[in-house]
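Here is a short report on the structure shown below. Keep the sequence and the 3D view at hand while reading.

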Amino acid sequence: MSLVSTRDLTVTLPPDTDRAHAVDGVSLEIAKNEIVCIVGESGSGKSITAHAVMGLLPRGVRATGGEILFDGVDLLKEAPDAMRKRRGRDIAMIFQDPMAALNPVVAIGKQVTEQIRAHCAVTERVALAQAADLLGQMGLKDASGLLKAYPHQLSGGQRQRVMIAMALSLLPRLLIADEPTTALDVTTQAQILKLIKRIQAEREMSVLFITHDFGVVADIADRVAVMRHGRVLESGATAQVLREPAHSYTRALIAAVPSGDNLLAPLPDAAPLMAVTGLTKRFRRGGFFARNAVTAVDNVSLTLKRGETLGIVGESGSGKSTLARCVIRLLDPEEGEILFDGADIAHLSPRGLKPLRRRIQMVFQDPFSSLNPRQTVADIITAGPRAHGESAKAALARAADILRLVGLNPETMHRLPHEFSGGQRQRIGLARALMLKPDILIADEPVSALDVTVQAQVLKLLDDVRRQMNLAMLFITHDMRVAAQVCHRVMVMRHGQVVEAGPTRDVFAAPSSDYTRALLAAIPGRGTL
Amino acid sequence: MRFARRFFSRPTALIGFALFAAIALVALLAPVIFARGPFSIVGMPLLPPGAPGLLAGSDVLGRDMAVGLAYGARISLLVGIASTLFAVGIGVLLGAVAGYYGGLVDDLLMRVTEFFQIIPSFVLLMVLVAFLQPSLGSTVIGIALVTWPQVARVVRGEFLSLRNREFVQAARTLGESDARIIFTQILPNALPPIVVVSSMMVGSAILTESALSFLGLGDPNLLSWGSMIGGARSAMWVAWWTTVLPGLSIMVTVLALNFIGDGLNDALNPRRRG
């Protein structure tokens, strides 16, 4: 007997958007005591479907067809007031970004008890006791201390546990989780997935879990529905869908999850193009006279050969991005040397750096903020050559070739960045870097903001470009799966220090540190996919 | 063009723009329509509006109020726009440098900015204008000197958030010079709030100029709305039009500018689009 079933659910978008329907005739069943995953890429309608069940669609977006039966009652026909009472009590929801979902100026205890007291007539003290108990169940230590804390004092994982505690405080029968682990580190993600599965089994509730990651699906779901362009392409038992995907798109999604097979072999010995020794970067906290400094990068050494990709893997706060920014001298390191082509560039002045700029280039993480929204693609990618004295005309002539190389139509070069998709923007960012014919390319999480199928294309492009131009590449990522796909060697960082380094094959086959083992074990879908 | 459609879709913006255009037209054409100038005496003093040949009546000295109002518009708009241009120039430069470089430079420039902000600005302005001798130039410079800090603060705030964007970091890795990054990468993205603040500043500069002229600190050789009110103080109770008409002119002009500012804010602010 299903708890929730949607029949031909259609959600209409406002008239001036590029599509008519966000969700187009979706039928889903969620049985009691099971976890159903909706998996899809951005724009697939997976999130809108979840919000429709919750009765919380964005302004202007309306459910115009079909029905959502919850225990036999059509939620689309419920009065707003009745629907409000159901939220929290019958259906609860957790979100991707727990920081945005928590009020930053209200203590955790107050936020957790507010929910309880809004639905049940209990005193503040009883509610607080319940809250502390709930936080304990979520695996949070020192619950009474946490209740007095404010959101910014908690880690990302702690915040998501608090969100889950709040969602579960009224014993809902359905928990909707909208990408709840996407913003978290892998090891934290693994813990939260385990927690959701445990709580679901203990309380025998139903979970509707939204994700873009088939690895996560493999770990958590009983059944899975694959969505694209507002339609369900395929659904069934998870094991069945993973073993014999019926739809070609499902096969593409599963294939796009980096598998960890065909790892690159390390390159033969050669003189390094760049050698970093004892690099240290501290950030002073607080004002001018503040004493406590945070060591973001702590005595890191590495070498990089021509044609080689070195992966720097670590979770947030590991110092991997700071290291990259020191190497490209966006930041000034305090100690250590960066030997590039025989000369130390760690302490060069801005003037001395200028000729070097064109030889070390960078691709950034965020395809939206990394391109100036007010410049055309032509302006963006010729800016580098122009800064180094090339005439605008000559640069423009080369721009077409570079755009073709990264897989873009040169005729689009007079458009503004907002007319391109995330994957295309990342290609523009790469074209900007390649225009200077660099020796070293630093890629800072270049695919972490992209959909999985686009991710696979951009990774392939980066690898092709590296081969063609014999580039040395420093590849920063938090994702072991991605690192496995493109790197000859990897270096694992934690708290600013190198935990382990070696050829990718060796690190994956026989990790020497506990931390690397934990990272590898936390990869979602490991063993199943 | 989508910008123009967004701007004019607000009725208040349309009204503001129409009013401002009308006032600007009158100001531009004043010497053509009223060639004899605002100081010439045309008849008996304190004739009410509608008296023969006197659309807006005459003032205490028997001068044509309509001519005074038209010439006053020239001064008000000139002072408002010129002082705002100066203030925006100083404010953008200092705010951009402070926000882009941060650290010690920022601390230093912000202390200077605060120095100007903690002094009662109108008192400082009166001292400045009195010290420089009252004239059109000293009024413009004085107003610019007391109003640039608000521009500097807005620009600094925008630069502080924009300088950490990845496209700015990218420009640095490409080897672009700081000046180029400030003017071609960051400034175009910081323009919307600057435009909005400036349109509001024109209005407040007009008010300030009127207050200065009212106190007799305006250019003695020019007639402005403020000095018209100041000169007619004694006749306020017997001839309402001598003070009310220039007062209304100030009010309508400032209101029009505020409407334009609101309209620009909505049209330029991407968060309120759609």
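Contact means heavy atoms within 4.5 Å. Helices (H or I, at least four residues) and strands (E, at least two) are DSSP runs, numbered from the N terminus. Buried means under 20% relative accessible area, exposed over 50%, and partly exposed in between (1.4 Å probe, protein chains only).

This is a predicted model, where local features need pLDDT of at least 70, side-chain atom pairs count only at pLDDT 80 or more, and totals for chains, interfaces and linings use all residues. Residues are numbered from 1 along each chain as its sequence is written, chains are lettered from A and ligands numbered from 1 in the order in which they are written, and side-chain values use heavy atoms, with hydrogens and water left out.

## Helix α2 of chain A

Begin with helix α2 (residues 80-89) of chain A. A:M83, A:R86 and A:G88 are buried in this helix. Their cover includes α1 (46-54), β4, β5, β6 (91-94), α4 (108-119) and α7 (156-168) of chain A.

## An open sheet

Two of those covering strands, β4 and β5 of chain A, also belong to a sheet. Two strands pair if DSSP finds at least two bridges between them. In chain A, four strands form an open sheet in the order β2-β1-β4-β5, with antiparallel pairing. β2 (21-31) and β5 (73-74) of chain A stand at the edges with a single partner strand each, so one side of each has no neighbour in the sheet. Inside the sheet, β1 (residues 2-12) and β4 (residues 62-70) of chain A are joined antiparallel by seven bridges. There A:R7 has A:E67 in β4(A) as its bridge partner.

## Salt bridges

A salt bridge is a side-chain nitrogen of Lys or Arg within 4 Å of a carboxyl oxygen of Asp or Glu. The count over all chains is 39. Three of them are in the table.

| Pair | N to O distance |
|---|---|
| A:R86 and A:E78 | 2.7 Å |
| A:K85 and A:D81 | 3.8 Å |
| A:K320 and A:E445 | 3.7 Å |

A:R86 is buried, at 12% relative accessible area.

A:K85 and A:D81 both sit in helix α2 of chain A, four residues apart, about one turn of the helix. A:K85 is partly exposed at 42%. A:D81 is partly exposed at 41%.

What does the pair of A:K320 and A:E445 tie together? A:K320 lies in helix α12 (residues 320-327) of chain A, and A:E445 lies in the loop between β17 (440-444) and α17 (452-469) of chain A, so the pair links parts 125 residues apart in sequence. Both A:K320 and A:E445 are buried. Elsewhere, salt bridges with shared partners join A:E78, A:R86, A:R89 and A:D90 into one network.

## Strand β18 of chain A

Is strand β18 of chain A enclosed or open? Six of the six residues of β18 (residues 472-477) are buried, so the strand is largely enclosed by the rest of the structure. On one side A:A472, A:L474 and A:I476 are buried, and on the other A:M473, A:F475 and A:T477 are buried.

β18(A) pairs in the parallel sense with strand β13 (residues 309-313) of chain A over five bridges. β17(A) also runs parallel to β18(A), joined by five bridges. A:I476 in β18(A) is the bridge partner of A:I312. A:D444 also stands opposite A:I476.

## Where the chains meet

The size of an interface is often given as the accessible area lost when the parts come together. Buried area is the accessible area (1.4 Å probe) that two parts lose on being put together, summed over both. Chain B and chain A bury about 1800 Å² between them, 50% of it on carbon and sulfur atoms. B:E166, B:T173 and B:L174 supply 38% of the area that chain B buries against chain A, more than any other three residues. The contact takes 16 residues from chain B and 24 residues from chain A.

Zero salt bridges are found across this interface. On the side of chain B that touches chain A, α7 (166-174) and α8 (178-214) of chain B each supply at least two residues.

## A loop proline in chain B

B:P49 lies in the loop between α2 (11-33) and α3 (65-101) of chain B. B:P49 counts as partly exposed, at 31% relative accessibility. B:P49 and B:A66 are 17 residues apart in sequence and 9.2 Å apart in space, C-alpha to C-alpha. Leaving out residues up to four places away in sequence, B:P49 touches B:L54, B:L55, B:A56, B:G57, B:W240 and B:W241.
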